Amino acid sequence: MRLSFSSDHQGLREEFEHVFAAEATSARARAGASSPEGWDRALWRQLAELGWLGVTASEAHGGLGQDPLALCLIAEAFGQRLAAIPFLGAALGFADALLTIGDRSLSDALAPGVVAGEVIGALAIPEHFTALDIDDGHASGACPALMDAAATTHILTLAGAGSDAQLILLDVTAAHRERIDSLDRVNLAWAVTFDRAPSRTLARGETASDLWRTLRARYATFMSFVQIGAASAALDMARDHVIQRYAFGRPLGSFQAVKHELADVLAAIEIARSNAWFAAAALNEGGSALAQAGAAARVSATDAHRLAARANVHLHGGLGVTAESDAHLHYRRAQALGLVIGPSSVWRERLIAELVAARAVAPAAPQLPRTGS
Amino acid sequence: MNLNDTPEEAAFRAEARAWIAANRYDERTMETLKGLAGNGAPLPSAELWALAKDWNARKYDAGYAVLTWPKAFGGRDAPNLAAIFAEEEGPLARFQGYLVITQFMCAATLMAFASSEQKAALLPRIARADDIWCQMFSEPAAGSDLAAVRTRAERVEGGWRVNGQKVWTSGAHMAGWGTLLARTDPTTPKHKGLTMFFLRMDSPGVRVRPIELMSGEAEFNEIFFDDVFIPDAQRLGEVGAGWKAAVVTLNSERMAIGAMLDVDSAALLDLACETGAITRADVRQTLADWIIKERGLRACVARQLTAISEGRAPGPEAATIKLVGGVMIEDMAAYALDLIDGEGLALRPGRDPRRVYRDMFYFGPAQRAAGGSDEVLKNVLAERVLGLPMEDRPDNRLPFNEVPTAPRG
């Protein structure tokens, strides 16, 4: 087993970072989120012009034609900054799904729009819908809280279960959307309702459920890189603060109590990074290892991100709980990203269910001799 | 990024698998060995040491020992092949744990500092584990603060006279040889007055006393030095450069880190399936967390091996693995003992899974202290990786014999 990213992948990431770090400042993120539109359309266009919305899309579709490993590192670099753009759902989840579904006519129709930033897709888990009725090429329903949905044009989701399952693509360009009080202050959630939105069924039954599970695990893997990037950003912010902040005549960061809190954060990030790299390798190879690897990456990354964000707020003292400091933006984001494709408890259960099933051991009556009674 | 073997690795794996199948011990012994990680009662320590040496000798004779060593010393310079061999060994891989200090730490120090005649005489016997070595570092007043060792080596005609005491020395009761970190100049700051030596453990004046641990085992020892003579030819490195040599010893441990990872969440999952506890939602969530952490640790080992094989300096992986793995041993052991049976305070004779988790329960605290305590590792991560400022350390600038050792007044 080899776990390392090539220098080509790292070079591409640096190229992205070079542009993104200069543009994606927290001031701009705040301004974008509180603008009337609720997001930063100008930054989105800028990334589209440079090709960064189509990292893995083919060159024929206007993309960069890179492999998913490149997208993992771009995801991490994206996570390191705050930006009010729908990168997560559109450039990671949806863009990857289009390629993975492998329907030529579908990707020919939509991929060029994704690369150009005009098709803004989202992967919504079934739990996101309070209602979803599909009828003859149309769907009506509601998502009471969908992240980054200010300008979402398409939603990919799984409707129904078992033999009734359908993988569906909704065109929600005309949907009604309303800004709600979001947990994340930068990547806002919107209530989306749609009435007779065009709906296309991409797969049915077991095929649909299997495909959905793959798409979800891939999205979880990319998301784990975003979370690791975000966790590192929170850790860096905390570190910079405790180095320059003095108390009791010495830097805060020279106290072991502070060092140890941040060392725990670093260790959690390294465990998460290791799980994410393994999942990236599994994703890239396309085998069955991804189901467990994606779940592990997801849970680990959520843990690390939340731990980092919480330590950052805490080590900033009173400043950490103010609206002025960026610390709360990381804190709120960490909680929100841990929910976007379902909470950790669900992913843990998926992992354990897989492992128990693989053992082909039905949980039976206790076999060990028992003491007492 | 690649989860699979390269063609060369796949060929080696097939070859290793066939050789292990043909050379491993009979079923009854293998079954008992699984007790180290599985369900049986453990063998007595002396038998395990004898088996560890025997298994290594078989490997050596077939060319499978010390695969990580440089080619110049008979190895293959191949940490990836060593990892593959260990995967194929199964329960037999546990024997490497007995030989880490001999074949990694002491051997690396000899490779770096011994004369070519010494290397030619000593290393092949180490590679075959004909000789067991111990590493005499910690003392009653120098554990985490290793550079504070006080065992004194004074110059005499032709060599050095050593007096003092070492403690927590793993395997010294089995060792024929050992490396020794001693103070040769107490009047300079602590890191500068140290020198590294090696000696035979049957040298006159050396006394080894095993220390009984909470588990009842006695793998650690106290060692007393009473006017022990060491020839100057057995000095490793320059006089006063002992700290540098100690760092070589400690860094070599990272090559063995995979062999040191002592958590097995799959066994815990088996146990939960066997007892039926797996139907409980809280058990499923807790086990999933450990499985995920263990997967992270193993991937961390793979990242580190990859970095080494690509000639890059590994990052914070080694400290992370030790820090996270150590606490996990304690947590998993305590959880398993609760899970098996809330009433089961006593061991049953024969096969009883409590035995394994009790051993883990007793071993966890030692693991968290040995080879860099949790607190030292956290300081390392915070200072060397994150760049947080060191605390004011008067002991780094004072002559060693003026460093405070007790409350004033």
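This is a predicted model: local features need pLDDT of at least 70, side-chain atom pairs count only at pLDDT 80 or more; totals for chains, interfaces and linings use all residues.

User: Which residues touch the most other members of the largest nonpolar core?

Analyst: That core has 236 residues, and those touching the most other members are A:Val114, A:Leu262, A:Ile269, A:Ala279, A:Ala308 and B:Phe197. The helix that gives the most to this core is α7 of chain A (residues 205–244), with 19 residues.

User: How many residues of chain B are in contact with chain A?

Analyst: Contact here requires C-beta atoms, placed from the backbone, to lie within 7 Å. By that criterion, 46 residues of chain B are in contact with 53 residues of chain A. On the chain B side, at least two residues each come from α9 (265–275), α10 (281–309), α11 (317–340) and α13 (374–385). The largest share, 17 residues, is supplied by α10(B). By residue class, this side of chain B divides into 24 nonpolar, ten polar and twelve charged residues.

User: How should I read a backbone angle such as phi?

Analyst: The general idea is that most residues other than glycine have a negative phi. In this model, A:Asp136 has a positive phi, near 55°. A:Phe248 also has a positive value, with phi near 55°.

User: Where do A:Asp136 and A:Phe248 lie?

Analyst: A:Asp136 is in the loop between β2 (131–135) and β3 (138–147) of chain A. The loop between β8 (246–247) and β9 (250–251) of chain A holds A:Phe248.

User: What do the UniProt annotations cover in chain B?

Analyst: An annotation from an unreviewed UniProt entry, "domain: Acyl-CoA dehydrogenase/oxidase N-terminal", covers residues 60–129 of chain B. That span is 63% helix and 0% strand, and its end C-alpha atoms lie 9 Å apart. Another UniProt annotation, "domain: Acyl-CoA oxidase/dehydrogenase middle" (unreviewed entry), covers residues 134–228 of chain B. Residues 134–228 of chain B are 0% helix and 47% strand, with end C-alpha atoms 17 Å apart.

Key. Residues are numbered from 1 along each chain as its sequence is written. Chains are lettered from A and ligands numbered from 1 in the order in which they are written. Two residues are in contact if their C-beta atoms, placed from the backbone, lie within 7 Å. Helices (H or I, at least four residues) and strands (E, at least two) are DSSP runs, numbered from the N terminus. Ala, Val, Leu, Ile, Met, Phe, Trp, Tyr, Cys and Pro count as nonpolar, Asp, Glu, Lys and Arg as charged, and the others, Gly among them, as polar. UniProt positions are given in the numbering used here, feature names are shortened, and annotations may be inferred rather than shown by experiment. A nonpolar core is a set of buried Ala, Val, Leu, Ile, Met, Phe, Trp, Tyr and Cys residues joined through C-beta atoms within 7 Å. A residue is buried if 20 or more other C-beta atoms lie within 10 Å of its own, exposed if 12 or fewer, and partly exposed in between; C-beta atoms are placed from the backbone.
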